[in-house]
Amino acid sequence: MNLVELHNITYSYPRTAQPALRDLSLAIPQGQFCTVVGVNGAGKSTLCYLLAGFVPHFYHGELTGTAQVAGHDVAQTPLAEMAADVGLVFANPFNQITGARFSVREEVAFGLENMGIPRAEMLARTEEMLALTGLSDLAERSPYALSGGQQQRLAIASVLVMRPRLLVLDEPTSQLDPAGTQEIFALLAKLVRRGETAVVLVSHELEWIGQHADRVVVLDDGRILADGPPRAILASEMLPIPGTRYTQAARRARAEGLAPAQGELPVTLREAVAFFRQA
Amino acid sequence: MSSFTLYQPRDSGLHRLHPLTKLTLTLCGVATAVVLPGFWPNYLLFALFLLPLAAWGQIVCPLLRAVWPIWWPFVLSLFLVQGLFWPGGTPIVTLGPLSFKQEGVLFATAMAGRILVLIGSFLLLSLATRPDALMNALTARGLSHKLAYIILAAIQIVPRFQAKAETITAAQQSRGLETQGNLLRRARALLPLLGPLILSSLMDVEERAIALEARGFGRRTLRTSLILLSEQPWEKGVRALLLLATAVLILARTVLALR
């Protein structure tokens, strides 16, 4: 059975005329690394909130269709129960810090405390997660004394430590500087290689997605416009997304007659090198 | 600008006491300060009880530095108001129509001592106890974890709130809002500062609520804790003794007052 099964989901936030998601169906198998792209207002964040149960339990509004995530019927499962199986990370690193813990280590352990995990196991899992996210040396620091990238790694560690079956990241690098962005993507690449958790990532970093994702879903106006492997989607001419830098450069070269008019456009850096060598 | 806490980390016996023991000390100190009569016992209490405890915790200087700026405005206003406006009484110094009365000065001295012990007790607790350890001890005794969260988050979030207010002030000033000058001008500048501050803080609250829920904050299961609170075997006895002594003192004062 798939980890995520969405069937004909239509959802409207309270007091809005237009639905944010329209007749959306999506299945994600265990362990898949699925990315979601689309313009602002396409419904990407709403999809994330639905996967984690905040739609409809936090935002209320009107939901039709069926949503099964990690074995839970989303509409019937309280948020507190969803939290154990679905981890959510969003853009603002600062607002994801609880504020009630005084060190990075305690911040990571916060979720486990709420779950009632015995202290010995909590310590072991916390240390493991600090090591995985590269925060071991900062464990005694105040969460507020970290850089944006470090805070975002802390946010990821804090939900991963709860061992969710699905990790949802809603534009986790959009408020970070280039160095912080790189830290997060390096960590995500490591997580994806481990393959223990299915990941849904919303991001505009198409070059990185082209290299690492199993799948790209394009959302537009609350609908799925396209869905497929990165190479098919990111090199496509039909979509409202620009494609990677490499695709754009190749397209330009082709338009100016510098490259052959036939053949696949490159999506990753390696493919681009091969493409231009050929041309 | 890390947090609002007064806590001073030290490796001392006082710091190692269970938070509840320190809280009991504080509350008993406060109750004693309120019921002790006369103008000198509170100063003795401060000198012979609070200061030695602070010395044990290696925080005498931080304690005095923290007490002073809170205490002196009380002292000043007490002496002025009670000294000058005590009805009748024996004048000590007379300056034109104003005269300092002996009874007022005595009363002000007694009150200042009382306030000294009140402030000192609370500051001693705050300086020697990690706020999260205290909240942990209290939630273990039945305090709501939501209330504990609010108290702890306030300690760390207030400084961020101030930083945000400064950013908004700078942003509005750069658009020509005048925030300095006479009272009227400052009052008029308040609205364009408060509006964005309140709205953006409300938006932060929504995100923080989501982050908390995503970490299982709403679960009704039994919680565990990473912080280990240690307790010496004799601490329960000390707490009981302190409570008993304070109760006896309050009872004695009540009986004396009734006679």
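Modeller: Start with how chain B is divided. This is a predicted model. Chain B splits into domain 1, made of residues 13-137 + 230-258, and domain 2, residues 144-214. The centres of domain 1 and domain 2 of chain B, taken over C-alpha atoms, are 35 Å apart.

Now the contact between the chains. Chain B puts in 27 residues, and chain A puts in 35 residues. On the side of chain B that touches chain A, the elements giving two or more residues are helix 7 (145-174) and helix 8 (183-214) of chain B. Helix 8 of chain B gives the most, with eight residues. Sorted by class, this side of chain B has 11 nonpolar, eight polar and eight charged residues.

Next, the partner chain. In chain A, four strands form an open sheet. Their order is 2-1-4-5, and the pairing is antiparallel. Strand 2 (21-28) and strand 5 (72-73) of chain A are the edge strands, each pairing on one side only. Look at the strand 5 edge. Strand 4 (residues 62-69) of chain A pairs with strand 5 of chain A over two bridges, in the antiparallel sense. In strand 5, His72(A) is the bridge partner of Val69(A).

A helix packs on this sheet: helix 1 of chain A, residues 44-52. Helix 1 of chain A touches strand 1 (4-12), strand 2 and strand 4 of chain A. The direction of helix 1 makes about 120 degrees with that of strand 1 of chain A.

Methods: Residues numbered from 1 in each chain as written. Chains lettered and ligands numbered in written order. Predicted model: local features only at pLDDT ≥ 70, side-chain atom pairs only at ≥ 80, totals over all residues. Pairing = 2+ DSSP bridges. Contact = placed C-beta atoms within 7 Å. Axes fitted to C-alpha atoms, helices over the stretch in contact; angles between N-to-C directions. Domains from an automatic or database assignment. Nonpolar A, V, L, I, M, F, W, Y, C, P; charged D, E, K, R; others polar.
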